Amino acid sequence: MAAMNLLVSAGVHYSCLKAGNGFSISKPKGYKLGPRAALVEAGPRADASPAALQVLRGDLAADLQAEARAMARAANASVYSPELLANKYGSRPVQAVKRTLEILVALGSFGTKLLLDQRNGTLDRNKRRRAIELRTIFTRLGPTFVKLGQGLSTRPDLCPPEYLEELAELQDALPTFPDADAFSCIETELGMSIESIFSSISASPIAAASLGQVYKARLKYSGQTVAVKVQRPGIEEAIGLDFYLIRGLGFLINKYVDIITSDVVALIDEFARRVYQELNYVQEGQNAKKFKTLYADKEDILVPDIYWNYTSGKVLTMEWVNGVKLNQQAAIERQGLKVIDLVTTGIQCSLRQLLEHGYFHADPHPGNLLATPEGKLAFLDFGMMSETPEDARSAIIGHVVHMVNRDYEAMARDYYALDFLAVDVDVSPIVPALRDFFDDALNYTVSELNFKTLVDGLGNVLYQYPFNVPAYYALILRSLTVLEGLALYADPNFKVLAASYPYFAKRLLTDPNPYLRDALVELLFKDGRFRWNRLEDLLIEGRKDRDFSAKDALQPVLKLILAPDGEELRTLTIKEAVRVTEAVILGSVADTYNSAPSFVRTLMITDNGNGALSMNNADLEAMMELRNQVFRIWGLLNSSEDFDPALLQPILQVLQQPEGRSLGGRVVSGITQRLAARLLQQLLRTPTVPASSL
């Protein structure tokens, strides 16, 4: 885990040690400190010179140079290589056998209990109990298995829901290692003495986790308060041996366990690479830098800065963030903040991570999110990151559209694009399972649908069929589930899908991506008719997103209609334009009739109460509703903050193109024919003579 997460994983508030409270460097047993290291921390430096402040900020060139030096210090950082591990530990049979026995005794007793449950018919009834036991075993086996358990907690294709929930509870709180070892590591890695780097540093770690532990310190040159993470000694040796043994077990599972359809060895290799990347603290710093560049452009998002001059492969120095964990509602409210607002911010940022830039947090955990006193949401822990393939970003939005439309055949085909299934897998048996679950789930509105229920149900489907859930998809599902769980503490009625829908609506309405344009057409058109209620819903939801633009919502759709291959869509658009124009004109006629004095209305021939319109009440009501709906949609666009009548000028320019002029002519022709038919019908109908006049 990264530095900040280490602080909160032990239940410690970042705000618990505020500047000015005072802390000092004490003398750990077995470690010799220089005279300056025993100084007590002073308050914030008021005499910091402009030059020091300039150094603190740093220019781009200096920052890049410092980063390059940090990379040079981490040049010998270990990388995961199954071949190197096999060569190393294959020649150490005693060490390997000893650790194997330790693992087998722990996991063997667990496996025996599972077999007994299966034989006694209590497997399902004891799932929760066994999941808790597995979590305890992983904690006892050490860092590798803690990480492995956390990884499994994001894999619905491998574990039943009960195991997913329990393994997600795994914490990184492990015993600390000696402070003397930590301080020695800092000096060795950075090539400087402790007292030359820090004016003060906490005598003991603020928190410890599986891969390292964190100290709070103050930089000597600037007075800046920082968090310093130091890697646990011997961690590479421990996890290297474990992954060597676990990988061997993976080969046996692939060969003899039919119930698991995924390639277990490939999953182990992927996970091991991520853990080894987490051991390289320079890589973690670069991850944080990239994340900050992509997502901290929003004023309510905070990402800590990295101090490259004091960072290496095993030491990470980053900005100290004052705040409280997002699941500590009472502490947040004491700051005058609302958990719901912070969770909504987190959801929007998570969706941007997944569906815009594709670069996202791969270790979702409540402890990685802090509420700052200023009301910002601070993201922490950048050791494990992941990426969403570009094609998958659009496919996910299309998948949501297919779910809303209850198009389960298309949903099943989406799993090819999402890389859930090999192209040679027949999806037809999956369709009924999707229908059985989603038909029931979608009886709720989006605002009522619980995301965890949806994920659990989908997880059951994934677990029963030959799915291979990509890591990016499983992780983002867990991230949104965690956010919804945090919000439910503050508001039992909160639904993450309701908070996410404005983002999806905005992307569908404004993104020129061809895949999303097709998804929008699929959502709006059905059986040759335009679904105005869907467009109205999209606009209502899309306007809730702060980045929604009425300008962007107009032009892409029109260009799609006028595209060379858009003849089918143009035909549907013409029909709908004729319907709308007719509704506006005849609706105005009906309004005029209804607002006319009674003596004028008596002059109009009528046999159905609708004046001069030869329509029954049901048809007239439907037409009036269509007109009113179109007016409401125009009102939604017109009331957008960035709406300007000048926005219509580019549309008029597009309409002047050959395809546009042709479309306009066909619409006018259709309207003329429709109104002429209405008029002829009106003239030819037989008037009814009132009985009182006979």
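Visitor: How are H5 and H11 oriented to each other in this model?
Guide: In this predicted model, helix H5 (residues 93–120) and helix H11 (residues 235–256) pack with their axes 10 Å apart. The angle between them is about 75°. Angles of 65 to 115 degrees count as roughly perpendicular. The orientation of H5 and H11 is therefore roughly perpendicular.

Visitor: Which residues make the contact of H5 with H11, and how many of them are charged?
Guide: From H5 come Gln95, Ala96, Arg99, Thr100 and Ile103, and from H11 come Glu237, Leu241, Asp242, Tyr244 and Leu245. By class, five residues of this contact are nonpolar and two are polar. The number of charged residues is three.

Visitor: Are H3 and H13 roughly parallel or roughly antiparallel?
Guide: Helix H3 (residues 60–73) packs against helix H13 (residues 281–295) with the axes 10 Å apart and an angle of about 150°. Angles over 145 degrees count as roughly antiparallel. H3 and H13 are therefore roughly antiparallel.

Visitor: Is the crossing of H3 and H13 left-handed or right-handed, and which residues of H13 are in the contact?
Guide: The crossing of these two helices is left-handed. H3 brings Asp63, Leu64, Glu67, Ala70 and Met71 to the contact. By class, the contact has four nonpolar, one polar and three charged residues. On the side of H13, the residues are Val282, Gln286 and Lys289.

Visitor: Are H16 and H22 roughly parallel or roughly antiparallel?
Guide: The axes of H16 and helix H22 (residues 514–524) come within 9 Å and cross at roughly 5°. Angles under 35 degrees count as roughly parallel. H16 and H22 are therefore roughly parallel.

Visitor: Which residues meet where H16 packs on H22, and how many are nonpolar?
Guide: Ser394, Ala395, Ile397, Gly398, Val401, His402 and Val404 in H16 meet Tyr515, Leu516, Ala519, Glu522 and Leu523 in H22. Three residues of this contact are polar and one is charged. The number of nonpolar residues is eight.

Visitor: How many cavities of 30 Å³ or more are found, and how much space lies in the second largest cavity?
Guide: A search of the whole structure finds three cavities of 30 Å³ or more. The space in the second largest cavity is about 40 Å³.

Visitor: Which element gives the most to the lining of the second largest cavity?
Guide: The lining consists of Val400, Val401, Val404, Tyr501, Phe504, Ala505, Leu508, Leu523 and Leu538. Helix H16 (390–404) and helix H21 (496–510) are the elements that give two or more residues to this lining. With four residues, the element that gives the most is H21.

Key:
Residues are numbered from 1 along each chain as its sequence is written. This is a predicted model: local features need pLDDT of at least 70, side-chain atom pairs count only at pLDDT 80 or more; totals for chains, interfaces and linings use all residues. Side-chain values use heavy atoms; hydrogens and water are left out. On a 1 Å grid over the protein atoms alone, a cavity is a set of points where a 1.4 Å probe fits but cannot get out, and a pocket is an open set with protein on both sides within 12 Å along at least five of seven lines; lining residues have an atom within 4 Å of a point. Grid points are joined across faces, edges and corners, and a volume is the space filled by probe spheres set on the points. Axes are lines fitted to C-alpha atoms, for helices over the stretch in contact, and angles run from 0 to 180 degrees between N-to-C directions. A crossing is left-handed if the near helix is turned anticlockwise from the far one by less than a right angle, and right-handed if clockwise. Contact means heavy atoms within 4.5 Å. Ala, Val, Leu, Ile, Met, Phe, Trp, Tyr, Cys and Pro count as nonpolar, Asp, Glu, Lys and Arg as charged, and the others, Gly among them, as polar.
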